[in-house]
Amino acid sequence: MGGLAPPPPVEQRAPGRWQVGTVTRIKRETPRVKSFRIDLPIWIPHLPGQHYDVRLTAEDGYQAQRSYSIASSPLDEGGIELTIDLLEDGEVSPHFHDVVVEGDRVEVRGPLTSYFVWHGESPALLLGGGSGVVPLMAMLRHRRRTMPELPMRLVYSVRAGEAVIYADELGDDAILTFTREPPSGWSGHTGRIDAALVAEAGVEPGIAFVCGSNGFVEAASQLALEAGFDPEQVRTERFGPTG
Amino acid sequence: MGNGFVSRGFQRRRRPPDELADRLPPGQYVEPGFPVLTAGPTPHIDADAWGFRIDGMVGQEREWTWDEFQALPFETVPCDIHCVTKWSKLSTNFGGVSVDTLLEGVEPRGDFAVQYSYGGYTTNVPLADITGGKAWVVTEHEGEPLPRTHGGPARMLVPHLYFWKSAKWVAGLRIMDDDEPGFWEQRGYHNYGDPWKEQRYWGD
């Protein structure tokens, strides 16, 4: 890739302790997804793909914790962006959606774990289903700002036109397919991700990151293997139930 | 807890039944389902091709084929399991063979063990945490063959530690005289993983 320098290495280290950040910006991405920019007093550069834990504490001391992927590039210093999908019967995501406003303080800890992370390897194929696109967006965003020529492509499977997260940011490096209700006038792909779509992404076997529901990940990781990716280079992250 | 921080407007929405509350470690919530969490593609291991070994620092290595394994004493194990990603599944039942049974005649000569799996996963545990009725190699869940996504045909079950310490698609145990961090233990998760002490990540 023409002598492009790899991104500065980020040393693997123990995560930060719990700290209280401040929500400085909230963006509604879809009817049930919002992104929260959280400024942190102790900011540690993350690797794209890492997550933070969020902890809520009630007046009576009751606590609930969940993990959320970081959506932002580590070049956005001083804070992180977490994109949170609303699960109606959940405990943490409804609080973020219905209660948290800009200026609120939230307790977080991270960045955490280092397998589903992008270190600058290429070519890179990103397969995302629904809100599984979030950690992949951190990778796309970071690549755009550090190594825009590096081969990386996102294939993003979405249920409906209204459910596209980061819709205003998806460019030539992303291919969308709609599984249920494409937007009116849509002339692109419909249906579940398949071998033809993976082939169209045009990413030579390298590293693949696959994130979504368990069903999506089972199917999409199999497609990556069939396209010639080495099993050890197919990294998956499946939604646990994250309410 | 302890720093006094309160999340403005946050109230508990879920409350486990009282009789279960003391079975839920700190920071966990009750999950009725059985979520799948795996770092890579799900491997296909046919029972015919499956085998289990105990090797490393031992007086006598042992190895079983699937059929030989089926002939070992089988136990049903009622337990609670706790995933580091915050869900716990209470009152679930696995079926398999106790590690105590598997270690008979092996003469372990180290204090640690690494569970290793088809597909390359590893996780480390002190030997004392998988002996004395604390761990099993299981082939059934709720009376059915263990599903492939949950580690079938066989996985480890070490219910008193976070569930990444129970390797799916397990292929064997290597007895070691040193404690060698496994896959997740090298990538940010705690070396021991006691859910009651909330040992999730490095430094906890």
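The legends below describe close-up views of a predicted model.

In this predicted model, local features need pLDDT of at least 70 and side-chain atom pairs count only at pLDDT 80 or more, whereas totals for chains, interfaces and linings use all residues. Residues are numbered from 1 along each chain as its sequence is written, and chains are lettered from A and ligands numbered from 1 in the order in which they are written.

**View 1. The two domains of chain A.** Chain A is divided into domain 1 (19-112) and domain 2 (124-238), with bounds that come from an automatic or database domain assignment. Their C-alpha centres lie 23 Å apart. In the contact between them, 15 residues of domain 1 of chain A meet 15 residues of domain 2 of chain A; two residues are in contact if their C-beta atoms, placed from the backbone, lie within 7 Å. On the domain 1 side, β1 (19-30) and β5 (79-85) of chain A each supply at least two residues. Strands are DSSP runs of E, at least two residues long, and helices are runs of H or I, at least four residues long, numbered from the N terminus.

**View 2. Strand β5 of chain A.** In β5(A), 7 of its 7 residues are buried, a residue being buried if 20 or more other C-beta atoms lie within 10 Å of its own, with C-beta atoms placed from the backbone. In a regular strand the side chains alternate between the two faces of the sheet. One side of β5(A) holds A:Gly79, A:Glu81, A:Thr83 and A:Asp85, and the other holds A:Ile80, A:Leu82 and A:Ile84. Strand β2 (residues 33-39) of chain A runs antiparallel to β5(A) and is joined to it by 7 bridges; two strands pair if DSSP finds at least two bridges between them. A:Glu81 is the bridge partner of A:Arg37.

**View 3. The largest nonpolar core.** This core has 63 residues, and A:Leu126 and A:Ala224 have the most contacts inside it. A nonpolar core is a set of buried Ala, Val, Leu, Ile, Met, Phe, Trp, Tyr and Cys residues joined through C-beta atoms within 7 Å. Helix α2 (residues 133-146) of chain A gives the largest share, 7 residues. Among the residues that A:Ala224 touches, not counting those up to four places away in sequence, are A:Leu125, A:Val198 and A:Phe229.

**View 4. The contact between chains A and B.** Chain A contributes 37 residues and chain B 36 residues. Among the elements of chain A that each supply at least two residues are β3 (51-57), α4 (214-226) and β12 (234-238).

Terms used:
Buried ≥ 20, exposed ≤ 12 C-beta atoms within 10 Å, placed from the backbone.
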